Amino acid sequence: MTISTASAFQRPSLTGRTRLITIALIAAVVVSSFLGRYDAEILGFRVRVEQVVPLVLAGWMLIHPVLRSALLRALRHPVPLVFAAFVAWNIVTTLIFSPSLTWSASILIWLLIDLLLLLSMMALAEGADFAGRLGRLSVAPWALVGFAAYVVANLTRGQVALGADFDYLYEVYVARVTAIEANIYASILIFWTLLAITRRGIGRWETAAIAVSVPLGLVASQTRTAVFSLVLGLAVFGVFTVFSLRSSWRERVRRIAPALVLIGTLVVTYGIVAALGGTEPADRTLPEATASAPSATSAPAVTPTATPSPAPTREPDPTNPEQQNKIGDVDFQGGTIGFRLEVAGLAAQEMKGVNLWFGNGTNTFGLRHEQPGTPGVSGHIIMLPVQVLYDGGIVGLGLLVALFVAVFVCVPRARKPIAAGLLASYLLSATLTSMFWFAITWILIAVLLRPLTEDERDLDRS
């Protein structure tokens, strides 16, 4: 038996102290989703801050009787139910096919944490509202801090490179701030941007701040995938809004005007960058510390217990399915597209017969293949559809599709244009650089699914 979105998100009667602790833990979860760079080795596994904090929130809710009831009720919602089925299928196929349960456990545990995170965010309606506000407030600061890190790192030729990594392909420092790498920094930026710029009632000053800062943040990340994803999301939101609203054309244009402003500033910003001849530093000579760093093609093999290097080019991490040698960009002349095609070709070798239908076990590609072009380094798939098809087969991929369909179907009607844009952007990003396992995915889903606020209902009626 399933329940509606409105009844899944609870508004339990809590004491002031309990409410304060819960909201504080939800705030900590949102903050931790920005801190992908930070982890520690525990019992042979690399454990990330964004994995630990959600467990604290879930633990608090499970020990509190009122919150526990709300959390268990949220499990009856269609989206957590489908996701729970997806996680269960990954466990089953791993037990049957994985050559190393220890290797697979890192991702299976992460998926279970994600399920607990989603349930925790859905257990308290005001918690999801608060998470959405925090995320929207992060957009301009996250973009501007990234741009500042990018400028300082390139002007000092890496002598001061806080929050920046050196991109060996383009010979330029790129911003990551506190994210694990530049493409994740950019992905976090565009997803919260889409939720912020497309919401009803956004003010002119907030629109201006986002329209100015976000293009700068994307330039700092040097991640064209993120630019394509943002533009796609804004376009889908605009088309969906124009053809779904029953109001006048003037009102429809007014609804999508902030998105049009952002697209305009993106075009102007990248036009200026092109006119200036790109963003490479004038002096392409590397500082001594960077010049002596190992290249991606000579990185040593890693094990499940290896700690990622803080060097400009990070080593592949078996607990981080999205990492790749060239980070978060698109090159239609070969480059990362060619890399992805080569990885997909290797993955296809095991996607036959029973394994095509039922998978090869979670996170097992690296047990069977080395990274193309990097001998001795375990391979990894960073394209979500290919990853899921390899790990869980057609059954697993079907459950993944059902999950995203369930999210869109269960989003309140007034928020469906926003959901359409965000899901389109996410699916494009995940196809090229997956961040399905990261906390922000499940925070965003909870924020999309939450019931309409009174302000949203008033704007929807106006």
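In this predicted model, helices α17 and α18 have axes that come within 11 Å and cross at roughly 165°, and because angles over 145 degrees count as roughly antiparallel, α17 and α18 are described as roughly antiparallel to each other. The second largest cavity found in the structure takes two or more of its lining residues from each of these helices, α17 (416–432) and α18 (439–449).

**Helices α17 and α18**

- The crossing in which α17 passes α18 is left-handed, and the contact is made by I418, A419, L422 and Y426 on the α17 side and by T441, L444 and L448 on the α18 side.
- Sorted by class, the residues of this contact between α17 and α18 comprise 6 nonpolar and 1 polar, with no charged residue among them.

**The second largest cavity**

- Searching the whole structure gives 8 cavities of 30 Å³ or more, and the second largest cavity holds about 80 Å³ of space.
- The lining of the second largest cavity consists of F191, F404, L422, L423, Y426, T441, L444, I445 and L448; among these, L422 and Y426 of α17 and T441, L444 and L448 of α18 also take part in the contact of the two helices.
- Helix α18 supplies the largest share of the lining of the second largest cavity, namely 4 residues.
- By class, the lining of the second largest cavity has 8 nonpolar residues and 1 polar residue, and no charged residue.

**Helices α2 and α3**

- As α2 passes α3, the crossing is left-handed.
- On the α2 side the contact involves T18, I21, T22, L25, I26, A28, V29 and S32, which meet V49, E50, V53, P54, V56, L57, W60 and M61 of α3, and by class the contact of α2 with α3 has 12 nonpolar, 3 polar and 1 charged residues.

**Helices α9 and α11**

- From α9 the contact draws on T207, I210, A211, V214, P215, L218 and V219, while from α11 it draws on P258, V261, L262, T265, L266, T269, Y270 and V273.
- The contact of α9 with α11 is made up of 12 nonpolar and 3 polar residues, and no charged residues are found in it.

Conventions:
Residues are numbered from 1 along each chain as its sequence is written. This is a predicted model: local features need pLDDT of at least 70, side-chain atom pairs count only at pLDDT 80 or more; totals for chains, interfaces and linings use all residues. Side-chain values use heavy atoms; hydrogens and water are left out. A crossing is left-handed if the near helix is turned anticlockwise from the far one by less than a right angle, and right-handed if clockwise. Contact means heavy atoms within 4.5 Å. Ala, Val, Leu, Ile, Met, Phe, Trp, Tyr, Cys and Pro count as nonpolar, Asp, Glu, Lys and Arg as charged, and the others, Gly among them, as polar. On a 1 Å grid over the protein atoms alone, a cavity is a set of points where a 1.4 Å probe fits but cannot get out, and a pocket is an open set with protein on both sides within 12 Å along at least five of seven lines; lining residues have an atom within 4 Å of a point. Grid points are joined across faces, edges and corners, and a volume is the space filled by probe spheres set on the points. Axes are lines fitted to C-alpha atoms, for helices over the stretch in contact, and angles run from 0 to 180 degrees between N-to-C directions. Angles under 35 degrees count as roughly parallel, over 145 as roughly antiparallel, 65 to 115 as roughly perpendicular and the rest as oblique.
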